[in-house]
Amino acid sequence: MSIAVWPPISPEELRRKAAESLDRDLQWIVRETISLCHELKHSIEDCYALLAPIDPGSTLVMSTHRNEKVKGTITRVGTRIIKGVRHGLFSLTLSLHSCRATINLQLRTLPPSQINLSPSEPIHVPALDALHTHLTQAIDLLGLTLSSTPTASSLASALAVLSESISESRALLKGTGDSDADPAWQTSSCPAHHFSPPLPSNLSFYVALQDSSIVLWLRALEPAHLPVHFGTKLGLAIGTFRRLEHDEMDVVFKYHPEGDGGCEPKRGGSDARGPRMSGKKSVAEEVFVREKVRVESADPSLISLYSKLGQLGNMLGLAGRNLAAIMGEDPDV
């Protein structure tokens, strides 16, 4: 069995007709991709709206499991957590931008204390700032692409950049694989000047994202070079005194109390990185973690955002592969 073209045409004419057909296919896929980009822009704007500072925000329950050491509620408005209600031993009112915070601590290794966030020194969560930046850049890129007459190659480049940005945004919401083993607290804990009065030097305050949840780690620290008191040695020997057991006990960490600048506000359109020390270098201190408390609250808006970003990633992947196939490129690249 053979396939023949009737009426017969010359090889040159056949090649010309094939090129014209391919060109029509390319024009069609470009139009379809541009239409998809309009839809993508609206969808990313919906994702952006989930981080917008719109009242009343999301009210989240903050409580530790199996005990009442930490119990209360917080309200996230945009990238800010602005409200807390005290219940039991621990109250939390944390603002990432403008409002005051009050945290009453009843840790076993520290005396009862209260932490207040300084209204003039807001705390920024680097993951939320980075997520906001990715979504902003994605909207700007789509707006720039749709404002002109894009070619197939420019569309392919834009889709590749968008796909990478969406993937990185989902990774920010997902967080690290093992949150309890995340070493970022050693360099990214919130510096003392964000609190009024300043945070004690033996307390690490670290906020991050994990599985679309707001997570707070509090660690009571002690210098590694500090000699053990004789009474403590005796109590450990006879069993009247026991250290709190956790996954970071008896491990020496290099802790940077001044942080890496991730908690500072952005200035000049770029990230403010590096410790706020007037030119001084951040000095690492060798410490033990005496006590560790982890509090998390799943945020419905962030969960929805993670799901929407997953769908957008699938749409971008399909559009990129279709465009590459028509252009004669490897769809898997």
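## Helices α2 and α3

Which residues in α2 meet which residues in α3? On the α2 side they are Ala127, Ala130, Leu131, His134, Ala138, Leu141, Leu142 and Thr145, and on the α3 side Leu155, Ala158, Val161, Leu162, Ser165, Glu168, Ser169, Leu172 and Leu173. Contact means heavy atoms within 4.5 Å. By class, this contact has twelve nonpolar, four polar and one charged residues (nonpolar: Ala, Val, Leu, Ile, Met, Phe, Trp, Tyr, Cys and Pro; charged: Asp, Glu, Lys and Arg; polar: the others, Gly among them).

The axes of α2 (residues 126-146) and α3 (residues 152-174) come within 9 Å and cross at roughly 160°. Axes are lines fitted to C-alpha atoms, for helices over the stretch in contact, with angles from 0 to 180 degrees between N-to-C directions. The two helices are therefore roughly antiparallel to each other (angles over 145 degrees).

## Basis of the model

The model is predicted: local features need pLDDT of at least 70 and side-chain atom pairs pLDDT 80 or more, while totals for chains, interfaces and linings use all residues. Residues are numbered from 1 along each chain as its sequence is written, and side-chain values use heavy atoms, leaving out hydrogens and water.

## Helices α1 and α6

Helix α1 (residues 11-49) packs against helix α6 (residues 300-327) at about 170°, with the axes 10 Å apart. The contact residues divide into 16 nonpolar, three polar and three charged.

## Whole protein

The protein has six helices and nine strands, assigned as DSSP runs (helices H or I, at least four residues; strands E, at least two) and numbered from the N terminus. Of the 333 residues, 39% are buried (under 20% relative accessible area, 1.4 Å probe, protein chains only).

Key
Angles under 35 degrees count as roughly parallel, over 145 as roughly antiparallel, 65 to 115 as roughly perpendicular and the rest as oblique. Buried means under 20% relative accessible area, exposed over 50%, partly exposed in between (1.4 Å probe, protein chains only).
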